[in-house]
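The report below describes one protein chain and the contacts within it. Sequence and structure come first, followed by the description.

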Amino acid sequence: MGLGSYLASVKARDPAPRSRLEILTYPGVWALGLHRVAHALYRARLFFLARVVNHLSRFLTAIDIHPGARIGRNLFIDHGFVVIGETAEIGDNVTIYQGSTLGGTNPTSGVGGKRHPTIGNDVVISLGAAILGPIHVGDGARIGANAVVTKDVPAGATMVGIPAKPIPVVVRDEPGFVPYGTPCSEKFDPITQKEELLRCEIQALRARLEALERASGRTSDAA
């Protein structure tokens with residue numbers, strides 16, 4: 001993957017920059033570049049040098065990516081204050097907004113190994129979201145703002161709330177990238193969707209009740 005194709009992928013997800021050159025000033029771009037260096041040192045078991053690069057990156061960008069984290073192509077971190085843990089794995093074309101955390105399990109449990117989430121391809125993680133533990137987030141999933149995810153997420157799901165749950169109906173929105181993983185329309189509001197489902201259930205119950213009353217009336221007349 002060349003630098004040009006990476007910058008083009010960022011431009012496709014962010015309308016703010018007026019040129020690809022401007023994207024090179026983004027802290028997320030610098031954090032990813034420095035992580036590539038730190039990760040190479042980590043794989044070579046030069047752990048101290050990897051940590052030095054990691055701390056330099058965190059100081060410059062306010063983004064903390066552990067040198068051990070495995071990151072695919074075209075990761076876009078929009079703004080800073082993002083934390084990505086040691087055993088996190090991130091697929092291709094993932095977008096992470098400010099304040100998000102890919103965190104691990106309880107450090108006092110003494111359990112090593114895989115402690116951080118695995119993120120599939122084309123996932124959008126909105127601002128302030130926390131994805132915790134060795135769980136899997138399926139391809140194309142969207143994690144809403146400030147959601148706390150502690151269980152596996154199906155591919156294509158949109159998760160909201162604490163703890164995060166999928167929105168109650170299937171969302172079919174316009175194709176293409178959705179900023180912050182949150183369609184800006186009332187029809188996608190989970191509360192509105194729940195109200196609509198309840199309204200439909202009430203109408204169905206009323207119809208059944210009326211049918212029962214009519215049947216009961218016919219029985220009385222026959223008697």
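## Core and contacts

Isoleucine 84 touches Asp64, Ile65, His66, Ala69, Ile77, Ile90, Ile96 and Leu102, leaving aside residues up to four places away in sequence. The model discussed here is a predicted one. Ile84 is also among the residues with the most contacts inside the largest nonpolar core, together with Ile90, Ile119, Ile125, Ile131 and Ile143. That core has 37 residues. Two or more residues each are given to this core by helix 1 (3-13), helix 3 (27-43), strand 1 (63-65), strand 3 and strand 4 (82-84). Apart from this core lies another, of 5 residues, including Leu34, Ala38, Ala50 and Val53.

For the protein as a whole, there are 5 helices and 15 strands. Of its 223 residues, 39% are buried. Among contacts between residues at least 6 apart in sequence, 36% join residues at least 24 apart. The accessible surface comes to about 12800 Å², and carbon and sulfur atoms account for 60% of that area.

## Salt bridges

How many salt bridges does a search of the whole structure find? The search finds 5. Three of these are described here, among them the two that involve glutamate 89; the table gives the distance between the closest N and O atoms for each.

| Arginine 70 | Glutamate 89 | 3.9 Å |

Arginine 70 forms a salt bridge with glutamate 89. Arginine 70 lies in strand 2 (residues 70-71) and glutamate 89 in strand 5 (residues 89-90), so this pair ties together parts that are 19 residues apart in sequence. Glutamate 89 has 27% relative accessibility and therefore counts as partly exposed.

Lysine 114 lies in the loop between strand 7 (101-103) and strand 8 (118-119), while glutamate 89 is in strand 5, so the pair ties together parts that are 25 residues apart in sequence. At 34% relative accessibility, lysine 114 is partly exposed.

Arginine 73 has a relative accessible area of 41% and is partly exposed.

## Aromatic pairs

A pair of aromatic rings is described by the distance of the centres and the angle of the planes. The count of aromatic pairs in this model comes to 2. Why is the pair of tyrosine 26 and phenylalanine 76 classed as stacked? The ring centres are 6.4 Å apart and the planes are at 25°, and planes under 30 degrees apart count as stacked. This pair links distant parts of the chain: tyrosine 26 is in the loop between helix 2 (20-23) and helix 3, phenylalanine 76 is in strand 3, and the two are 50 residues apart. Tyrosine 26 is buried, at 14% relative accessibility, and phenylalanine 76 is buried at 1%.

Tyrosine 42 and phenylalanine 47 form an edge-to-face pair, with 5.2 Å from centre to centre and 65° between the planes. Tyrosine 42 has 23% relative accessibility and counts as partly exposed. Phenylalanine 47 is partly exposed as well, with a relative accessible area of 35%.

## Surface

Leu46, Phe48, Leu49 and Val52 make a nonpolar surface patch of about 400 Å². Valine 52 is found in helix 4 (residues 47-61). The relative accessible area of valine 52 is 42%, so this residue counts as partly exposed.

Serine 5 has its place in helix 1. At 39% relative accessibility, serine 5 is partly exposed. The C-alpha atoms of serine 5 and asparagine 74 are separated by 8.4 Å, while the two residues are 69 residues apart along the chain.

Terms used. Residues numbered from 1 in each chain as written. Predicted model: local features only at pLDDT ≥ 70, side-chain atom pairs only at ≥ 80, totals over all residues. Heavy atoms only, no water. Helix = DSSP H or I, 4+ residues; strand = E, 2+ residues; numbered from the N terminus. Buried < 20%, exposed > 50% of the residue type's maximum accessible area, 1.4 Å probe, protein only. Contact = heavy atoms within 4.5 Å. Areas by Shrake-Rupley, 256 points an atom, 1.4 Å probe, with all protein chains shown as cover. Salt bridge = Lys/Arg side-chain N within 4 Å of Asp/Glu carboxyl O. Core = buried A, V, L, I, M, F, W, Y, C linked by side-chain atoms within 4.5 Å. Phe/Tyr/Trp six-rings, centres within 6.5 Å; stacked < 30°, edge-to-face > 60°. Patch = residues over 30% accessible without salt bridge, like charges linked within 9 Å, V, L, I, M, F, W, Y side chains within 5 Å.
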